[in-house]
Amino acid sequence: MSPSVWALMPTTPARRWAIPTAIAQFLKQDYPRLQLLVYSDGLGTVEDLIPRHERIRHFHDDRRRPVGEKWNILHQVAIRLGAEYLSLWPDDDWQAPDYTRRRMDAILAARSGRVGCSSMLFYDVPTGVMRR
């Protein structure tokens, strides 16, 4: 059986524009044991953007926190919920449908517990230009 992976997504109501796309990309992932943990903070809500789904959990805090603190909170919650592996899921990054599976294949083959990228693609939404 594949190990469980929890994707961690910190966000805020000020980033409402990014949340639907990030969640849609999560739901298209072809990895079988993937959960999404969304943490939003600040005034306002993003609850209306989070679909009710068995693989998505969301919690909100009215107190604004630095993004690093949000990552740490998500990490602690995911571990308490039984995550075997963690995956950062920034709300404004694009993830291909095989993103998680390919990363897990590399992790399990290398037996290292972590992987990185040798290059990244950047897509500029307003111009439609992709670059390295």
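Modeller: Three aromatic pairs are counted, where rings of Phe, Tyr and Trp (its six-membered ring) pair if their centres lie within 6.5 Å; planes under 30 degrees apart are stacked, over 60 edge-to-face, and the rest tilted. One of them is edge-to-face because the ring centres of Trp89 and Tyr99 lie 5.9 Å apart with their planes at 75°. This pair joins distant parts of the chain, 10 residues apart: Trp89 is in the loop between β4 (85-88) and α3 (99-110), and Tyr99 is in helix α3. Helices (H or I, at least four residues) and strands (E, at least two) are DSSP runs, numbered from the N terminus. The model is predicted: local features need pLDDT of at least 70, side-chain atom pairs count only at pLDDT 80 or more, and totals for chains, interfaces and linings use all residues. Residues are numbered from 1 along each chain as its sequence is written, and side-chain values use heavy atoms, leaving out hydrogens and water.

Colleague: Which residues do ring pairs link into a cluster?

Modeller: The cluster consists of Phe26, Trp89 and Tyr99.

Colleague: Is Trp89 buried or exposed?

Modeller: Buried means under 20% relative accessible area, exposed over 50%, and partly exposed in between (1.4 Å probe, protein chains only). Trp89 has a relative accessible area of 0%, so Trp89 is buried.

Colleague: Which residues of α3 are buried?

Modeller: They are Thr100, Met104 and Ile107. These residues pack against β1 (5-11), β2 (34-41) and β4, contact meaning heavy atoms within 4.5 Å. The face turned away from the buried side of α3 carries the exposed residues Arg102 and Ala109.
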